[in-house]
Amino acid sequence: MSDLKSAFPDLAVEPGSPDSWLGNGGHVHVYPTSEKEVVGLLKFAHDHGKTVSVQGNGSKRGFGGLKESYDVLLSLSKYTGVIEHSPGDMVVTVKVGTPFHELQAYLAKHQQQVSLDPAMPHLSTVGGVIASNDSGPKRMGYGSARDIVLGLKVVYPDGTVIRTGGKVVKNVAGYDMNKLFIGSMGTIGVITEITLKLRPLPKCESLVFVSFQDNQLAELRSFVVKQLDSMLEPTAFELLSPSLAEQLTGCKQWTLAISFEDVESSVIYQENKVKQAVPMQADVSILRNEETGEFWNRLLNISSNGMGEPSEQTEIRVGLKIGVKNIDVLQVLEECVDIQQRHNLVAYGHGGFGHGLCHVVLQGTSEDVEAAIQALRGTAKKLNGYVIVKHIPFFLRQSINVWGDKPAYFFLFEGIKASIDPRRVLNDTRFIGGI
């Protein structure tokens with residue numbers, strides 16, 4: 001700590017807590033407020049053989065990583081603010097530590113938005129969302145982070161600063177280097193600035209709930225197939241497990257949440273089309289405008305990060321991301337219900353028929369949680385899908401491979417890491433295969 005203080009007298013440096021129950025801590029915590037400080041710190045770490053853990057507000061600290069502590073925890077939570085906003089061009093450039101909800105509130109004054117709906121928007125930073133490639137139910141209509149990032153400014157582990165992409169929507173020159181850093185979990189560079197493509201706020205938004213009993217899953221599946229083949233253009237087509245639907249709507253049934261965003265006449269037309277196609281036994285209800293926002297906020301804030309420090313004897317909460325083919329979302333969530341009945345734990349989740357991604361929360365003892373993860377991985381494998389453990393205490397990451405099996409192209413990841421960060425300065429072991 002003393003050597004950092006002497007090298008960077010103006011940098012905010014605090015003693016750390018290396019024994020965090022989530023791991024990925026730091027013996028020293030630093031809080032840069034400028035890109036120059038980030039560059040200097042990384043160059044210092046590179047030249048002196050120090051390891052660095054990078055985070056925003058820490059909402060994803062339980063996501064990956066086999067190290068309890070690094071030499072330095074680099075927090076970008078104080079590197080915040082909008083750098084440039086061009087409302088006419090619908091483009092914004094922002095510092096990575098800016099809280100996601102603050103950016104959305106700023107843009108809303110201009111009737112614009114970042115078209116992403118990440119988990120825990122009040123805790124997540126813009127940089128954390130991009131570095132983890134986070135997205136939510138509206139990925140169906142909005143796409144992912146890779147679809148809206150126009151440009152990045154990145155500091156390599158040796159302090160070199162590069163720019164990728166540009167600041168305009170029509171930018172097709174050279175390789176799309178943005179995609180190299182989006183979702184890389186900060187393992188090959190520290191993103192300092194992000195340029196994002198914006199969308200206008202919708203004139204009208206509605207949310208149609210269609211609820212089915214347990215004995216109506218065949219009807220649910222048939223209804224979903226017909227709607228996916230129709231001319232409707234929902235921004236989200238999300239299935240809630242009965243236990244999650246009970247938390248969010250008070251109705252313990254299999255529930256479809258279908259979101260429409262457009263001018264009012266178009267929204268009403270699509271609502272009516274859904275109501276006409278709903279099976280007779282299913283229940284339908286509709287929310288509009290502000291009420292829809294309140295529902296999505298409740299859903300996105302159902303996270304696995306809310307419990308206190310666990311031990312091997314107490315209950316823990318784990319978050320999973322499961323990717324399968326669109327229609328197989330139902331089978332994944334059915335397995336969650338079966339797991340809850342077979343094991344002494346709580347299991348609930350939601351998944352998108354428009355993109356095939358499920359988000360599942362498990363709560364119970366470490367032994368039951370570990371068994372449930374293995375069961376879900378078995379189901380996903382049969383469906384040619386995958387399971388990633390997004391949030392889990394450090395002690396369980398020693399026995400559970402959070403990323404699953406290495407892909408056939410893993411050697412490419414290894415080569416990129418070895419080329420950019422041969423000294424393994426940044427977020428060592430945070431990414432797939434211990435990269």
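Predicted model: local features only at pLDDT ≥ 70, side-chain atom pairs only at ≥ 80, totals over all residues.
I started with Y409, which counts as partly exposed because its relative accessibility is 45%, and the partly exposed class sits between under 20% for buried and over 50% for exposed.

**Around Y409**

Where does Y409 lie? I found Y409 in the loop between α14 (394–397) and α15 (410–420). Next I checked the surface there. Y409, F411 and L412 make a nonpolar surface patch of about 340 Å².

**Strand β10**

Then I moved on to β10, residues 190–200. Is β10 largely enclosed or largely open? Eight of its eleven residues are buried, so the rest of the structure largely encloses β10.

I wanted the pairing partners of β10 too, and went through them one by one.

- β6 (residues 91–95) pairs with β10 in the antiparallel sense, over five bridges.
- β7 (residues 112–114) runs antiparallel to β10, and three bridges join the two. For this pair I noted V114, with L198 of β10 opposite.
- β8 (residues 149–155) is also antiparallel to β10, with six bridges between them. Here I picked V155, whose bridge partner in β10 is V190.

A reminder for when I look at the side chains: in a regular strand they alternate between the two faces of the sheet.

**The open sheet**

Last stop was the sheet with β1 in it. In which order do its strands come? I read the order as β1-β2-β4-β3, four strands in an open sheet with mixed pairing. Its edge strands are β1 (12–15) and β3 (52–55), each of them pairing on one side only. From one strand to the next, the twist averages 25 degrees.

β3 and β4 (residues 69–75) run parallel and are joined by four bridges. Within that pairing, V54 has L74 in β4 as its bridge partner.

What lies across β2, β3 and β4? I traced this to helix α2 (residues 35–47), which lies across β2 (25–31), β3 and β4. Relative to β4, helix α2 runs at about 170 degrees.

Notes: Residues numbered from 1 in each chain as written. Heavy atoms only, no water. Patch = residues over 30% accessible without salt bridge, like charges linked within 9 Å, V, L, I, M, F, W, Y side chains within 5 Å. Areas by Shrake-Rupley, 256 points an atom, 1.4 Å probe, with all protein chains shown as cover. Salt bridge = Lys/Arg side-chain N within 4 Å of Asp/Glu carboxyl O. Buried < 20%, exposed > 50% of the residue type's maximum accessible area, 1.4 Å probe, protein only. Pairing = 2+ DSSP bridges. Axes fitted to C-alpha atoms, helices over the stretch in contact; angles between N-to-C directions. Contact = heavy atoms within 4.5 Å.
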